[in-house]
Each structure stands twice: as structure tokens, then as C-alpha cells.
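Here are my notes to go with the picture. Have it open while you read.

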Amino acid sequence: MRYWWSVALVSSALLVACGTNVVNPVTGQTERSAMSEEAELAEGAKGHQQVLQEYGVVKNPELQAYVNALGQKLAAQSHRSQLQWHFTVLDSPEINAFALPGGYVYVTRGIMAYMESEADLAGVIGHEIGHVTARHGAQRATSQQNAGLGVFAASVLGAVAEAYGVTGAGQLAGQVSQNVAAGYIASYGREQELQADGLGAEYLYRTRYDPRNMIDVIKVLKNQELFAADQAKAEGRPAPAKGDWLASHPSNDQRLETITRLAAQYQSKDRYNDEGRARYLQAISNMNFGDSPDQGLVRGRNFYHEPLGLALTAPAGWYIQNDAEQLAFINTARDAALLVRVVPAQAGKAPADVVRNLLKPTQGKLEATTINGLQASRFTGARANANGTTVALEATVVSGPGDRVYLLQSTAKDANALARARAGLREAEGSFRALTTADKAAARPWVIKSVPYPKGGFAELARTSPIARPEQQLRLINGFYGGGEPSPGQLVKVVLPQ
């Protein structure tokens, strides 16, 4: 799982040995910066390719064109209209938006599912444009250089390990440390976030959208936070860390208060165009909701990946965690997991080569076996940690569908946790299979549709929706999680199988 904040992504190449004087386009003041505008453009272009590789883009040219046109309209009214701006919808269910230096702005389809109108989306994009126009990424790089820190490094796998208490997962973190999404990121400071809010409101006003739509955006995301906490409570687990678009130094309550005050400065109601709700609902029609089939679908205890041609099933009570680099089956106690990943070509295909290159054992043995008709080799052994202690290694190399090789590694907090979870780990491993006809039928993506609000309300709509807690989630994506009802016949969003 990706743990995101609203961030600028910068690489260590930005932290040059000496700074330069740059005029801030928003304030007009000269500031000492580790990044010239030329460096911003170069690093943004380089980072853009990494982002596309990490996430992938939504394969819907009409949706991409719609979002780009909206972004270009806002950027044309910004303090850096001369930049060559790029706006991209990423194929991720995460509720997030972020920007790279130099004019690269991204929104996920995850955040778009929760927006109610074109004006709401404009509020999200305007905020991110504000980060770029105010050069917040460059300021962050400069402050880190001045402190002698370099950029902050964060690993997805390390975050998963910390969140679930699975220390073994962190041992694979280095494999993805260069990923943009998992690598060099740093959250903005409070003043930068508030400045981006103010700039976003200003850009909305300049493009004839009501700045009060930024208030609506925060209310939507506050409800999403509440839903996540309610869902965790119902499942008997801790409330998740706040990782959504606005989870930054100012709390969402502080952000709401500030934006309400900012929006009140703009009173010209006759100036504003319509919110573009009908256009927006049309634009997101048939957009995937939740998991992407290109990245694998979690359906209850099952995981289906049609492009790879494989499926697995989690033991009862276990959690399935899918990210860009690996799949994790995490036990109920959250102290053990089975990690599944595609073996990179450079690691080899022979089981002995895979084990040697990826696990780097100091001792152990391989035994040939099969899993659901697929050739496999199980490894048991040990390796030395950085501190010199020896830790057990248990993994299986499988020759899977499509001539791909997979590594299935058992990992746990300690030896006792590994022993307690071993039966479940073997069960999960033993479910590894080529997609069956039944699996293919179950591996249907979910999409957003719009329908008139029926007399039976959200309860009626929930009966045909495949999502978990359907009535609550349908209220959430339509902005009624806190109560209330749409008008009869009003178009509302629903989630249906494709």
C-alpha cells in the first residue's frame, strides 16, 4: 500500500553544492534556492517518467483530455502561466493528488471518485498548481540542503512493515527504494499548505469557479477519513494513519476553517459559472473504482491478476495488501506475512540463482516440489543481518504462468511468530495457481456509473453494488456519509461490475 501525503517529489540531484538567487513568482521576493527554474524543469521531466512507470495512467483518452483541459485553464490564470503544464490521471485507487516541480500535476482516479463536480476537481488541481507556482518543492530542497540532510527517504515496504509490525518485510525495502512513489518524498510544511490553499482559491476565482468548492473538497475528504475509521472499528483493527490528500501539518479541521475564511473574501456570486456536475459525472462514467485489473484485483479473500494469469487465496481472517512491487498476505495478528513478487530478469530463472541473488543466504537447501501443477522449489535456510545476527529464511520459487518466475517469501516479526503463522503461510502459498475459468469470471473490475436517485434510496442502490458496506460507501462517494439524501431523480454515483 502506498502511504502518501500531498508532496513534491525531488531527487538528490536537486541538492546542488551551491544555491542561486531566484525571484519567487508568487511573492515577487528574491530567495536563495538550491534549484534554478531550469533545474525544476529538468527534474520534473525526469520524475514524470518515473511516476508514469510506477503508477501507470488511466487508459481513457477522453478522461485524460478532460482533466488536462481543466488543468490548463487553471494554470493559464496562475502565477507561472508560461510553464509547459502537464496534467495526468494516474491509475491508482489511492485518494491523492500531488505535483512535481516544473509543472507536472497528478490526480488519482481514487480521488476523482469522491469529487462531486468539475469545480471540486478544480479545487484539488488548483491547490497543486499553487505548490508549483510558489516553488514549494524547491524551497523544501533548499531547507534540507541548508540542514545538511539531503532528501527524506521513505520506503513503501518499510511503511507496510511498520504499520503491520512485520519487521521482515522491511528487508525487501531496498529493492524498491528508487521508485518515485516509494523514494524521495517530503511533506510540505504548514505555511506552504495554507499558501497553496489560498492560491487554489484565487485560481478558482480567476477561472470563474466558486472558491467555496474547496470547502466541499475538504468535507468530502473528512467524511472519507471518518468512513475509514468506522470501517476499521467494525473490523476490530486500529484506525488507519491519515494518508489522504490533505493529511499534512494543518489538520483537516484547521484547513476547513482557513479555507472557509479565504473563500469568504470572494463574494461575486454572479461571476461564477455552474459547477459542472453533469460534465463531471459524464467524464468519470465507467472509470474503474477500487483495484485496477492491470495491477490485480482483491475480491474478499481472493486475489486475481488477469494480465499475469494467476490467482491466490488468503487464509480466513488474513489481509491482502497489494502494492506496485509485491503482494502481501498478512496474518490476523499482523506479525507475519507471505510476500509474493515477480522475480526480475536479472535475478535469473533457476531457483538457485533466484535464492542467491534475492535472498543472499549464508546457508540452506532447496527441495523440488509442485504447487497446483506448477514447478516449484522450496528453500529453507538462514542469512546474516547487518548487525551480524542470523535470521531464518523460508521461501519458494515458482515457475508461474507466462514463463514468469515468482518468489513467495515467508516473513515474521520473530521466530515464534513465524512458527505460529506457518500453517497459514503454507495455505496461502499452496493457493498459488494459474487463473481458472471460475477465477476469470470472478475477476471483473468495478466501475462508476450515474443513475437517478430511486425512491428506495441508497439502501435500494446497495442491493446491486458489489462493494463492501455498500450503503455506507455509496453515501460516501456521493457526499452524504454524514446524513441527508439527494433529491429524487437526481443523478448519483453507483459502483457496479463492469
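1. Helices (H or I, at least four residues) and strands (E, at least two) are DSSP runs, numbered from the N terminus. Counted that way, the protein has 15 helices and 21 strands.

2. A word on the source: this is a predicted model, where local features need pLDDT of at least 70, side-chain atom pairs count only at pLDDT 80 or more, and totals for chains, interfaces and linings use all residues. Residues are numbered from 1 along each chain as its sequence is written, and side-chain values use heavy atoms, with hydrogens and water left out.

3. How much of the protein is buried (under 20% relative accessible area, with exposed over 50% and partly exposed in between; 1.4 Å probe, protein chains only)? Of the 498 residues, 53% are buried.

4. Now the contacts (heavy atoms within 4.5 Å). Taking those between residues at least 6 apart in sequence, 66% join residues at least 24 apart.

5. The accessible surface (Shrake-Rupley method, 1.4 Å probe; for residues, only the protein chains shown count as cover) is about 20,900 Å², and carbon and sulfur atoms account for 51% of that.

6. Look at the loop between strand E17 (390-399) and strand E18 (405-412), where you'll find Asp403. Its phi is near 60°, a positive value in a residue other than glycine. Asp403 is exposed, at 59% relative accessible area.

7. Arg208 sits in the loop between helix H7 (190-206) and helix H8 (213-234). This residue, also not a glycine, has a positive phi, near 65°. Is Arg208 buried or partly exposed? Partly exposed, with a relative accessible area of 39%.

8. For background, most residues other than glycine have a negative phi.
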